[in-house]
Amino acid sequence: MLLVWCCFFLISCSDNSPSLKPLANDAVILAFGDSLTFGTGANSQTESYPAVLQQLTGRTVINSGIPGEISQQGLLRLPLVLEETKPDLVVLCHGGNDLIRKLGNDQLKDNLEQMINLIQQSGADVVLVAVPRFSITLSVPDLYAELATAYKLPIELTIIPELERDSTTKSDTIHPNAMGYKLLAEGIRKLIFTTGGL
């Protein structure tokens, strides 16, 4: 009887844990976001996190980062990008400009939720990368964890705040340098691996 309960417990836990579909060798990963995705502060072609992630995963990674973009603009842009790229996995890292401009957490959460729905409706998996408030505390708004829980998404909550606290990994007050983007790519690759994508 104990063995049955142990098996039930393990199955229940696995059902609640975020997981990704294994990525085929020819899978396409879409990196969607703003300047942190684009690679501002480094060579965007070779040193951005999508460029490094492509090297680390051996999969095609498309950089769809637009510097200065707010989440509302990202939401409007996303459907066409999904149609054009047909990704198997989307790394969604958005919201920094909303937080800088203090546009409101409710609006940001709603826009991110709509993006997640669009991505999942396209058949792609989602990995969520949280962005902190760019203040002394560099705290991450609860909305990221709430969305990850609601949609059972793998989420990276700590890497960007860690990079922001370390002057050696930044090119300016906000953007990482080449070393910072490499660490970001490694963190995302690890998350994809540990949740079954690789």
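**Group meeting: a walk through the fold**

The protein has nine helices and five strands, counted as DSSP runs numbered from the N terminus, with helices being H or I of at least four residues and strands E of at least two. This is a predicted model, in which local features need pLDDT of at least 70, side-chain atom pairs count only at pLDDT 80 or more, and totals for chains, interfaces and linings use all residues. Residues are numbered from 1 along each chain as its sequence is written, and side-chain values use heavy atoms, with hydrogens and water left out.

In sequence order, the pattern reads α-β-α-α-β-α-β-α-α-β-α-β-α-α.

Next, overall dimensions. The C-alpha trace spans about 60 × 35 × 35 Å along its principal axes.

Now the inside. Of the 198 residues, 46% are buried, meaning under 20% relative accessible area with a 1.4 Å probe, protein chains only. The largest nonpolar core holds 49 residues, and Tyr-49 and Leu-92 touch the most other members. Such a core is a set of buried Ala, Val, Leu, Ile, Met, Phe, Trp, Tyr and Cys residues joined through side-chain atoms within 4.5 Å. Helix H9, residues 178-194, gives the most to this core, with six residues.

What does Leu-92 contact, leaving aside its neighbours within four places in sequence? Its partners include Phe-32, Leu-112, Met-115 and Val-129, where contact means heavy atoms within 4.5 Å.

Terms used. Buried < 20%, exposed > 50% of the residue type's maximum accessible area, 1.4 Å probe, protein only.
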